[in-house]
Each structure stands twice: as C-alpha cells, then as structure tokens.
Amino acid sequence: MAWDSRVTVSHTTEGFKMGKKVKKESASSCKETFEPLPIELKSPATVMLLLSSPEEEVLVKACEAIYKFAERGDENEVAPLGLGALEPLCQLINHNNKLVKRNAFMALGIMAANGEVKNALKKVDVIPSIIDKLSLDEDTVVHEFATLCLVSLSVDFTCKVQIFDNKGLPSLIQLLSSPDPDVAKNTVETIFNLVQDYPCRQAVHELGGIPPLLELLKSDFPVIQQLALKTLANVTTDKDTRTTFREVQGFEKLMDFLCNEDFSDLHVEALQVLANCVGESESVHLIHQGGGLTRLMQFVLTPSGPEVQSSAVKCISRVAQNSETRKLLHEQDVEKTLVELLSVEGDIVKMSACHAVAAMSLHLASKDSFRDLGGIRVLVQLLGSESSALREAAVQALCNLTKGSRINAFAVYEAGGHEILVQQLHDSCPMMVVHTAATLANMAEQEVIRCSIVSQGAAQALVEPLKSVNPEILVPATLCLAALVCNAEARAELNSAGGLPLLVNLLCSSHKEVRQNACWAVSVCASDESIALEMCKIGALELLQEINQSVNRRSKFSELALARLLDANLSIKYSLTGYLTSTDITSDGFYDAGKLRAGQKALTLEELSKQPVNRHQPIIAVNTASEKGKWTEDDKYKDEDNQKAQLDSATQRSWMMMCDASLQSLVTKATKSILPLNDKSEQYTALARLVSQAMGGPVEMDKLHEFPWELHLSELKFALQSNVVPIGMICKGIYCHRAILFKYLADRIGVSCTLVRGEYNRAWNEVLIFKGPPSVPGCSPQPCRYIVDLMHQPGSLLKANSRAAIQYQTI
C-alpha cells in the first residue's frame, strides 16, 4: 500500500546516522543542523519509525500522514495497528506540542472507528488521557477527534464504566454547547451510548444535561437533532429526569418542535420523548393546565404520515395508563378521535388506536362512549384483518371493553364477534389466544351468548391452549373454560376432545391463578355426574385432597372443587368423609367400600367388582334399576329361604350392577306404607322397623356378639364370587348396613336424614324433628336432632348427645 507522503526531515549529523559508522571526533566537531530534507515516503513502516522521532515537526507530519492514510477506508484504518502505531499515538495525544497532540488525536480518532483498533484501545487504558483533553481550553479539533474516539469506545460496557468512573460525563455535557457541529455531534452520540446504562442515565439530569440537550433541537443539522431526541427518549425513562425535564419546560419545547413542519422527519423521535413525559398523573395535570393536552389532541388529528400519527396515538395510550389522566382524556372527547382513527388508511395507525382504546376502556364512561360511537362494530370488523398484529390489538381492545360490561359483551355478540373469536383460539400467536380467551370469558357470563359460543366449538378449541406451559395463556384459557362448561354440550365436547386430563393436570400448576381457575372449572364440570366420575378416574380426587392438605396451595377454590366432586359421587364422599347430609340424595349405583384413607385412590364399583374375592368386608351396593337378563323381581327371591336360588342364578353371570329385586320390594313397601303417614316421627319409626325387619330384626345389645352377620356376609361373597354384595340380599345386617339402607329408602320416599360413619362398623342416621310447644310465644318450634335406633329397639328416636344416643354410636 502506498502512502505517497512527503515528510520534511531536519536532523543533526549525530542524530541522523542511518546505520553508517561515524567517527566520534567528526561528530563532536560538527554542531550545525541539516537543512530540511523533503523525503517521499512510500513505506508505512518508515512512517511508524518517525513516530518515535524527537523532532516535533516530524511527529506532526507523521501523525498527519497516518490520519490521511487511515481516512481512505476500513482497511487503511486497521493497517497502522499491525505496524505498531497505536501505542505511540496514545502517548502523543499527551504531547506538549499542540500540533502533535492535535494530529495524533486526528489519527487515533479515525482509526478508532475500526473494531480491531477499538478492541486494542481497550487494552491500552487510553480513556483517562482522552477525557483529560475534553477541557474547554483545548483546541476544537482535539475535542472533535477525542469525542470521535469516545463514540467508538462508548458502545462497549467496560469502556462505559471507565468513562463514567473517570468523570467523563461532566466534560461531555459541557461540550454539548460547543459551536462546532462535529464536536456537538460526537458528544451527543457518546452520551447516547452511555445512557443505555442506568447510572449514566440518572447522572445526566444531575449534571445539568437536559437544557443543553433541548438546545440541540435547534441545531441546523438533523443528525444532531435526532441524536439529542434519542438521548432524551432514553433519559426521560427516569422519574427524576422527567421532573427536571418538566421544570425546564421540556414539554413545551417538544410541542413547539412538533408543530414545526420543517422537522417532520424527526417527529417520531420527538413523540417517543413525549410519551415518556406523559406517563405520570402529576406531569399530565401540569401539562393539561398549560393547554398541553389540547395541543396534543390537535396534533393527533393533524394530517401527517402514518408513523407520526401512530406515535402520537401512542402518547394518548401513555396518558391513558393512569385512572386520573384517563378522566382528563375523556373530558377531551378522546373516544371520538380514536374511533375515527380505527377507520383510517394504514394498519399501523389502526393498531395504535386499538391500543389506546384498550387503555381508555378501563374508564367506565369510556366503555359506553366507544359503544355509542360504533367503536365495537369497527373493532369486530378489524378481527378479519390480514394483519395478525392488528387482529391482536383489536381483540385486546374488545377484551377490555367487555370486561364488566354486559351491554358491550352483547354488542360484540350482535356484531357476530363471538364466531370470529372462537376461530382465533386456534391462532398460533400466544397473545392472540390470551386476549381472545379472556374476551370469550367475559361474554360467556350471559347464557344466550354462552350457548352460541359453545355451539361454535369453543370447548374443543380450548383444548390446545390447555396444553401450554405458559401461565399467561393458561390463566384466561382456564377462566374461559370454567365459564363455558356450565353447558352440558361444552362438558361433553371437552371430554370427547380429551380435555379432561389436561384440566385435571392443571390442578398441580405452581401458578396460583392457573391452579385456582382449574379448580373452578373442575367444580363446574362436577355438576355432571358422569364427568365427575371420569375426573375421579384420572386422579382429580387425590390431587385435590393433596392440595387441600397444603397450607400454601389450599384455597376456597380447591375446597369447592373437592366438595363439588364429592357431591357428584356420594359413594366416594361417604368413604372419604364418613358423612352424607340430608341433601345428599343417594340413588342407584351408590356403594360403600369402607373408609378411604387420605391419599388412597378411590376405585369405581366396576373396578372393585373385578378384584379377586378377598377376606375383607364386602362392598355394599345399591341398585334397583331393572335390566333385561339381570335380577328379576320375582317374589320367590324376597325371603331368606329362597335366597339360594337367587345366588345360584347370580353366579352364572358376571356382576354388572345387578338389579336388586329385594331392595326394589323394600322401596315399594316404604312408598305404600310410610308415605301416607303425616307425622314425621311416625314415618321415621315405621321406616326404621322396616329396615330392621329386612336385616334380621332387633338384636339385644348384650347379645350382639351372637348375631351371625359376619358369617352371613362371607357366605354371600362366596356364593356370588364377588366382593360386591347387593344390599337387598343382606338378611343379617348390623349398624353400618342398616344405616345405609335407611338412608337410601328415606331418600327414595323423600324423608330427610343423614348418614354418619362411626368406628368399628358403627353407622347411624340423624333426623330433625319439631317437638313440643314453641319456646317463645309467636315463634315456631325449634327442631331437635335425633339418632334413629335401627338395631336394638327399632324405631326409637334417641335425642342427639343423650346417653342413649352416645351408647348407640360407640358401644
């Protein structure tokens, strides 16, 4: 590479040996200097040698030669580095000669733009020297190229720290007011790089940097204006800086800038600064008092490019983030402006308007205004846009508009929005699904809308979002599902689409809101007995028990889900809790598998029936439903003498919820003989005697050990070759069997009672009876609780907590 540089060299004979041997005496005798020698230098290495010359003029020329060479292109910038020029240049920027220092800075500044040179500079520790030359008494050219060096270095984090620690920021802020445009440009660009980090960002306003940055907006050079705006946009993210900005009339100066059409190409950057300044209610109130909001609204409506108008609307969105300032915008009739912008040309403006509508919709009065102005209809139309970003912004606006507003939800429904929204649940964009599910959840609160949403296949569409691991998606998806599964069609659709296991798995979510929403959806699904049974099969019961044992995860939602699940499966409820209320109505299919331990999996009757016969007590099953080919209602099977024929018939078939003819006969008897009785006490007494008679009659307490109920049940199990025994076949039953039968028969004929499990095969029924005159004149008599004796003196009503009742329950 050619340098084509002419360097004038002036040396003494002593200093200019050039490798030749010179006699000491001739050297010492010659004191004159050579005349300047103009030399054409073609070798870069020769110029590098001159950087160590003691001649200042040589140093000036050598640095100038490197500068001119390096400014020709990228390759030339890095070439001197390989020839060892960097360290000499870094030393020469501290030279006492101003020209040497200036030219050294010029060369170093040009070279520093190269990545390799910049990396090398980081290792030389040159930053303190550069910062030292930023003082106001230095030459402008030194300022220009010193700041040019810092522009390159300040993009590196380590260098930023060095500049900050070496007090570079105060000097740079002073240079913002330099009349030289190159110095101003390099300085503001360096500061822009520095304020990407918080310490520098915060220090700018403390060091008085805001006023000179605002002054740069008046520069004749757009690049300087742009850098000043970008720097202001960064530093005004700091609250204290915004306070300073407000105090020096920054908002007013920005609005003046925005109103100047000559600066229209920089209006987007100016609006980004403005958006930061209108994020606090205090600032907005002050701006409003000075007429600033009115000016901003006028600017939004002023015809301009889509990007500028979009940025202006973003400022409106920023103002609308606060409840107090939303009210101010509402007073400015901002809703009308935004609805107009929803229909302009260009998706970017529409999208920004949608975001602003979403923000303003948190203000109750604005919800009504948008609806009255036709905004909901326009937003529904935007759901059909080809732009996914615009569709997402539109559905976000609809989500906020429909939240807590039944009228707005119905307006979306009338515009056909629910049909499009269900389809959008299949969208691949996560945030689209988030806002869509939330909107549908808002709308599904109304039955007529919910039915229409379900008819569009929403439950099945929610299955895919339920597979997500993102809580942001799962929260609205589970909430929407909980709203939809009020409908039987939605429950069936969810089940057939394989959604139940996904829902049950979400009970284990570590995210509190996801877990609670899943519990809520499970509790709603449990209103369907078949769905509740299916959820129990896949472990919902065990999971909810575990959750409710946890102090941190238990909630009213998990407790409700467990309660609803048990209410839909009374067999498991009785096994788990040992208690059925008077409103827990037993029916065909009820069974008692004994006490269920915490965490133990609850098995269905079908699963229990398929187990090998064991020595444990039998599972007692209840069923009177007739099926062809199963148990008949022949009278010959209704007494113990003819039971052998019944058992022989049963062994010939596999057990599948066999119809219990004897139980059916008892139901018929109870209906005919007990229902006609008018007195509740008489009904309970008569029913108790019927149950006792069916299960072996009264047994004296001191002869209970002689009652052969265990042998009888063992014989039934052996004869049936099953662990499951129909309750009507039990002719010798004790407390636990009689209490179940009493509860079932009472429920069939509409007589209220509870079923309570005790210890050691004890169980009993509690009833409420109004007895005696009212305790207070004019008031109805108070009910008393009684235990029904089914074992010893059948039909006796033992007052709860009495000695007789306690004896019946425990001894």
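How do the axes of helix α27 and helix α30 cross, and within what distance do they come? They come within 8 Å and cross at roughly 30°. Keep in mind that you're looking at a predicted model. Overall, the protein's secondary structure comes to 48 helices and 11 strands. Of its 811 residues, 54% count as buried. Looking at contacts with a separation of 6 or more, 68% are accounted for by residues 24 or more positions apart. Here's a tour of some local spots.

**Two pairs of packed helices**

- A quick bit of background: two packed helices are described by the angle between their axes and the distance between those axes.
- Back to the opening pair: α27 covers residues 388-402 and α30 covers residues 430-443. Angles under 35 degrees count as roughly parallel, and the crossing at roughly 30° therefore makes α27 roughly parallel to α30.
- α27 passes α30 in a left-handed crossing.
- On the α27 side, the contact is made by Ser 388, Arg 391, Glu 392, Val 395, Gln 396, Leu 398, Cys 399 and Thr 402. On the α30 side, you'll find Met 431, Met 432, His 435, Thr 436, Ala 438, Thr 439, Asn 442 and Met 443.
- Sort the residues of this α27 and α30 contact by type and you get 7 nonpolar, 7 polar and 2 charged.
- Now for another pair: helix α15 (residues 222-235) and helix α18 (residues 267-277) have axes that come within 8 Å and cross at roughly 20°. These two helices are therefore roughly parallel to each other.
- The crossing of α15 and α18 is left-handed.
- α15 brings Gln 226, Leu 229, Lys 230, Leu 232 and Ala 233 to the contact, while α18 brings Glu 269, Ala 270, Gln 272, Val 273 and Asn 276.
- The residues of the α15 and α18 contact divide into 5 nonpolar, 3 polar and 2 charged.
- Why might residues spaced along a helix point the same way? An α-helix has 3.6 residues a turn, so residues three or four places apart do just that.

**Buried spots in the helices**

- Leu 172 sits in helix α11, which spans residues 168-175. With a relative accessible area of 0%, Leu 172 is buried.
- Setting aside neighbours within four places in sequence, Leu 172 is in contact with Leu 134, Thr 147, Leu 150, Ile 163, Thr 187, Thr 190, Ile 191 and Leu 194.
- Leu 172 and Val 188 are 16 residues apart along the chain, and their C-alpha atoms are separated by 7.9 Å.
- Helix α41 (residues 570-577) has 6 of its 8 residues buried, so it is largely enclosed by the rest of the structure.
- The buried residues in α41 are Leu 570, Ser 571, Ile 572, Lys 573, Tyr 574 and Ser 575.

**An open sheet: β3, β7 and β8**

- This open sheet has 3 strands in the order β3-β7-β8, and the pairing is antiparallel.
- The edge strands are β3 (579-580) and β8 (763-764), and each pairs on one side only.
- Strand β7 (residues 755-757) runs antiparallel to β3, with 2 bridges joining them.
- If you want a pair to look for, Leu 580 stands opposite Leu 755 in β7.

**Another open sheet: β9, β10 and β11**

- Here, 3 strands form an open sheet in the order β9-β10-β11, with antiparallel pairing.
- β9 (766-770) and β11 (797-799) stand at the edges, and each has a single partner strand, so one side of each is left without a neighbour in the sheet.
- From one strand to the next, the twist averages 50°.
- Strand β10 (residues 783-788) pairs with β11 in the antiparallel sense over 3 bridges.
- Which residue in β11 is the bridge partner of Ile 787? That's Leu 798.

- Gln 809 is found in helix α48, residues 803-810.
- Its relative accessible area is 16%, and under 20% counts as buried, so Gln 809 is buried.
- Leaving out neighbours within four places in sequence, Gln 809 is in contact with Arg 762, Trp 764 and Ile 787.

Note on methods: Residues are numbered from 1 along each chain as its sequence is written. This is a predicted model: local features need pLDDT of at least 70, side-chain atom pairs count only at pLDDT 80 or more; totals for chains, interfaces and linings use all residues. Side-chain values use heavy atoms; hydrogens and water are left out. Two strands pair if DSSP finds at least two bridges between them. Helices (H or I, at least four residues) and strands (E, at least two) are DSSP runs, numbered from the N terminus. Axes are lines fitted to C-alpha atoms, for helices over the stretch in contact, and angles run from 0 to 180 degrees between N-to-C directions. Angles under 35 degrees count as roughly parallel, over 145 as roughly antiparallel, 65 to 115 as roughly perpendicular and the rest as oblique. A crossing is left-handed if the near helix is turned anticlockwise from the far one by less than a right angle, and right-handed if clockwise. Contact means heavy atoms within 4.5 Å. Ala, Val, Leu, Ile, Met, Phe, Trp, Tyr, Cys and Pro count as nonpolar, Asp, Glu, Lys and Arg as charged, and the others, Gly among them, as polar. Buried means under 20% relative accessible area, exposed over 50%, partly exposed in between (1.4 Å probe, protein chains only).
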